[in-house]
Amino acid sequence: MASPYEGPVQSLVDELGRLPGIGPKSAQRIAFYLLKAAPEDAKRLAKAVVEAKERVSWCRRCFNFAEGEFCVYCRDDRRDPSVLCVVEEPRDIVAVERTQEYRGRYHVLLGAISPIEGIGPEQLKIKELLSRVGDEGVKEVILATNPNIEGEATAMYLARLLKPLGLRVTRIASGLPVGGDLEYADEVTLGRALEGRREVDA
């Protein structure tokens, strides 16, 4: 089938359509927005993308985004190096930091175990995690993978590896969101909510 748009327009739509979560209609909408935008706005976006690709890499220690060798959290001497919070992606660090409850360091796995997608433990930064635990005097590892099937499988796998090392291994509690309806809860969330039940004060 012939492309509905001419060369550069179709190329822009195609490239935007390759981004995660962007379907064909969204790709068209963004492309048209960019084409109608002032040239300096489009150039600023293009420059931001190019600069991010050139200047941002993975932190050598925790695999968060970093400008230079280490990320902002690994460079911060005020953070407790004996506690490691393990997350799936760099964006999860942002969520944990928003709570303002955590002052330790992080380790980013860059994914979760998912046999359906062909992602096994060897594709994740698990070997590097085990190495850090041994080298950095870590006493507690908090498993903060997502509360879905893949995240649970990853947390269980890591717990089996870490427990024999004599560490305190904890899992973030998860349950039903406030204001949510029971019928819409998935089985993992509801199961965790039941497991984490506590006494009700009369």
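Modeller: We will go through the cores, a strand pair and the pockets. Keep in mind that this is a predicted model.

Colleague: Start with the inside. Which residues of the largest nonpolar core touch the most other members?

Modeller: A nonpolar core is a set of buried residues such as Val, Leu and Tyr, joined through side-chain atoms within 4.5 Å. Here the largest one has 17 residues. C71, C85, V87, Y102 and Y106 touch the most other members.

Colleague: Which elements give two or more residues to this core?

Modeller: They are α4 (72-75), β3 (80-87), α5 (90-98) and β4 (104-108). The largest share comes from β3, with 3 residues.

Colleague: Now the strands. How do β3 and β4 run, and how many bridges join them?

Modeller: They run parallel, and 5 bridges join them. Take L84 as an example: its bridge partner in β4 is R105.

Colleague: Why is β4 described as largely enclosed by the rest of the structure?

Modeller: Count its buried residues. In β4, 5 of the 5 residues are buried, so this strand is largely enclosed by the rest of the structure. Buried here means under 20% relative accessible area.

Colleague: And the pockets? How is empty space found?

Modeller: Rolling a probe the size of a water molecule over the atoms shows where empty space is left. In this model, the largest pocket has a volume of about 280 Å³. It is lined by 14 residues, and D92, A95, V96, A144 and I172 are the closest to its centre.

Colleague: Which elements give two or more residues to that lining?

Modeller: Both β3 and α5 do. The largest share, 3 residues, comes from α5. By residue type, the lining divides into 8 nonpolar, 4 polar and 2 charged.

Colleague: What lines the second largest pocket?

Modeller: L12, L34, L35, A42, K43, L45, A46 and V49 do. The volume of this second largest pocket is about 200 Å³. Two or more lining residues come from each of α2 (24-36) and α3 (39-55). The largest share, 5 residues, is from α3.

Colleague: How do the residues of that lining divide?

Modeller: Into 7 nonpolar, no polar and 1 charged.

Note on methods. Residues numbered from 1 in each chain as written. Predicted model: local features only at pLDDT ≥ 70, side-chain atom pairs only at ≥ 80, totals over all residues. Heavy atoms only, no water. Buried < 20%, exposed > 50% of the residue type's maximum accessible area, 1.4 Å probe, protein only. Helix = DSSP H or I, 4+ residues; strand = E, 2+ residues; numbered from the N terminus. 1 Å grid on protein atoms, 1.4 Å probe; cavity = no way out; pocket = protein on both sides within 12 Å on 5 of 7 lines; lining within 4 Å. Points joined across faces, edges and corners; volume = space filled by probe spheres on them. Nonpolar A, V, L, I, M, F, W, Y, C, P; charged D, E, K, R; others polar. Pairing = 2+ DSSP bridges.
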